Amino acid sequence: MLPAPFQLARPTELAEAIRLAAATEDSHFHAGGTELLMAMKLRLLRPELLVDLKRIAGLDRIAWAEDASVVIGALATHRQVEQDVIVRRHLPALAALCANVANVRVRSAGTLGGNLCFAEPHADPPTLLAALGARLRLVGPDGEREVAADAFILGEFETAREPAEIMTHITVPVPRGPVAYRRFRHGERPAVNAAVAWTMAADGVTIERARIVVGALGSRPQDVGLLERLLAGRRAGEAAEAVAQGLTDAVGEIEAMDDRHGGADYKRHLAGVLITRNIAEAAAQINGATP
Amino acid sequence: MSAAEIDLRFTLNGREVQARVPSHTLLLDLVRERFGLKGSKRSCDMEVCGACTMMLDGNLVSSCTTLAADADGRAVVTVEGLTPAAGLSRVQEALVLHGAVQCGFCTPGFVVAITHLLQQHPNADDEQIRRHLRGNLCRCTGYVKILAAVRSLAGTEPGLQPLAHERT
Ligand SMILES: Cc1cc2nc3c(=O)[nH]c(=O)nc-3n(C[C@H](O)[C@H](O)[C@H](O)COP(=O)(O)OP(=O)(O)OC[C@H]3O[C@@H](n4cnc5c(N)ncnc54)[C@H](O)[C@@H]3O)c2cc1C
Ligand code: FES
Ligand code: FES
């Protein structure tokens, strides 16, 4: 299968890439191409113009920022994220996630920004990045803006990004408490995944704020608000019991779709199992850290 | 500046090459049809099976879903580049000795992926081997013999010696 013919531009400046995309009705940015080229080979997309982003210097940089966050260039591949020393040290859950996305070839070519911008629901990074409170930087013809990761993906293949906006980087605040991420899959992509991130109070054992996000099973990542509220202000040691009590109701509220990855009820059940295991892991991280 | 055709210069198995191609050309087709290297295969055509595996600047890619344009200025290595002028590479020999080749359709992709794995992790453990190779599918061998061949190269299992009549 071949994509339909198109014009290819390979700008070296961000502003030029935005200008080119804005000037052509049917243009797409080309990063790793792992999703875009598949859609083009299947003739689901027939863009007139592809604007390659890989020649713009610095878009794949990963750096530490003064406000205790890690700034990941949107063009960084899963493999770069997996192997980066800053990410491994400060965001080990994200490094482990990227090490297990897809297969080694897709990890080498596919980028974190491309994963987010494509918004295929069966994806890993959006769930964890939402739980971690990541912020996404978009630059377009009308200037720059920042969008919270959990407000970026609106639905299947639908995001808050305007067509000529480029995602330049993803800022992830370093967590102030335990983080756990799990997923279940029987094919290439996840059927269900779940992330937990706790912000701990100064005493080190009280959960000030809990983020619990599930993904892949519905049209977009979802907060499990009921459990988040149950955990706020509780001691880590009581978390498992509190979650067990609220789990049936919480899982019942999750939007899930029937597809080849499983039926909706089955996936809600799996979400409950993954959440329970994540809570146990998060609590163990606290127990291990305090004598 | 945008164009429907593009001039490429890159190294293919260490040799400088040039080509002018339509922008929508895929790397696999360029290498097979223009340069006549037919080791890399098209099978799934959707980045799942690994029959088309090549190295691009030392990274593994699915050449079935990579633009030829992405090779511009970079180094492409295919199974042909990993095969000595005479005889076999140690990866190829291990696959043969372990009976890890049946129809052989998947083999070129495995040779590239295994070579890459051992470059990164010369003493890869089973976990590393499985994670690196899970994107290469084989419909014949059941993987057991492929794993044994890789373990022998990683030093976690004894290697096999060719029988007298097999020596080259
Ligand atoms: C076989 C296979 C298995 C997979 N398994 C998994 C899995 O287990 N888990 C998982 O999470 N994902 C999985 N994926 C998805 C994979 O993570 C994505 O394909 C990859 O990260 C996309 O990145 P890319 O750079 O190739 O994007 P591209 O294909 O280049 O682009 C995708 C879309 O995003 C746009 N875009 C890309 N970058 C930018 C940017 N910086 N700014 C604005 N727009 C941009 C493009 O215009 C395009 O519309 C799998 C994919 C395949 C093919
Ligand atoms: S043909 Fe490219 S991965 Fe299967
Ligand atoms: S030997 Fe036939 S597909 Fe692997």
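Figure 1. A backbone N or O atom of Phe29(A) sits 2.6 Å from an oxygen atom of ligand 1. This is a predicted model, in which local features need pLDDT of at least 70 and side-chain atom pairs count only at pLDDT 80 or more, while totals for chains, interfaces and linings use all residues; side-chain values use heavy atoms, with hydrogens and water left out. Residues are numbered from 1 along each chain as its sequence is written, chains are lettered from A and ligands numbered from 1 in the order in which they are written. A polar backbone atom of Gly33(A) is 2.7 Å from an oxygen atom of ligand 1. The side chain of Asp124(A) places an N or O atom 2.7 Å from a nitrogen atom of ligand 1. On its own, ligand 1 has 980 Å² of accessible area (Shrake-Rupley method, 1.4 Å probe). The protein covers 98% of that area.

**Figure 2. The shell around ligand 1.** Elements giving two or more residues to this shell are β2 (27-30), α7 (112-118) and β10 (166-173) of chain A. Helices (H or I, at least four residues) and strands (E, at least two) are DSSP runs, numbered from the N terminus. α7(A) gives the most, with four residues. There are 35 residues around ligand 1 (a heavy atom within 4 Å). Phe29(A), Gly32(A), Gly33(A), Thr34(A) and Thr111(A) come nearest. The site is shared between chains, because residues from chains A and B surround ligand 1. By class, the shell holds 17 nonpolar, nine polar and nine charged residues. Asp, Glu, Lys and Arg count as charged; Ala, Val, Leu, Ile, Met, Phe, Trp, Tyr, Cys and Pro as nonpolar; the others, Gly among them, as polar.

**Figure 3. The interface of chain A and chain B.** Contact (heavy atoms within 4.5 Å) joins 38 residues of chain A and 35 residues of chain B. The buried area is about 2,900 Å². This is the accessible area (1.4 Å probe) that the two parts lose on being put together, summed over both. Carbon and sulfur atoms give 49% of the buried area. Across the interface, 16 residue pairs are in polar contact, both residues being at pLDDT 80 or more. β1 (7-9), α1 (14-23), α2 (36-41), β3 (49-52), α3 (78-83) and α6 (104-109) of chain A each supply at least two residues of the side that touches chain B. α6(A) gives the most to that side, with five residues. The side of chain A that touches chain B has 17 nonpolar, nine polar and twelve charged residues.

**Figure 4. Salt bridges between and within chains.** A salt bridge is a side-chain nitrogen of Lys or Arg within 4 Å of a carboxyl oxygen of Asp or Glu. Five link chain A and chain B. In one of them, Arg55(A) meets Asp72(B) at 3.8 Å, N to O. Within chain A, Arg19(A) pairs with Glu16(A), their closest N and O atoms being 3.3 Å apart. Arg19(A) and Glu16(A) are separated by about one helical turn, because they are three residues apart in helix α1 of chain A. Over all chains, the count is 30 salt bridges.

Conventions
A polar contact is a pair of N or O atoms within 3.5 Å; within protein, one must be able to donate a hydrogen and the other to accept it, and residues adjacent in sequence count only if both atoms are side-chain atoms.
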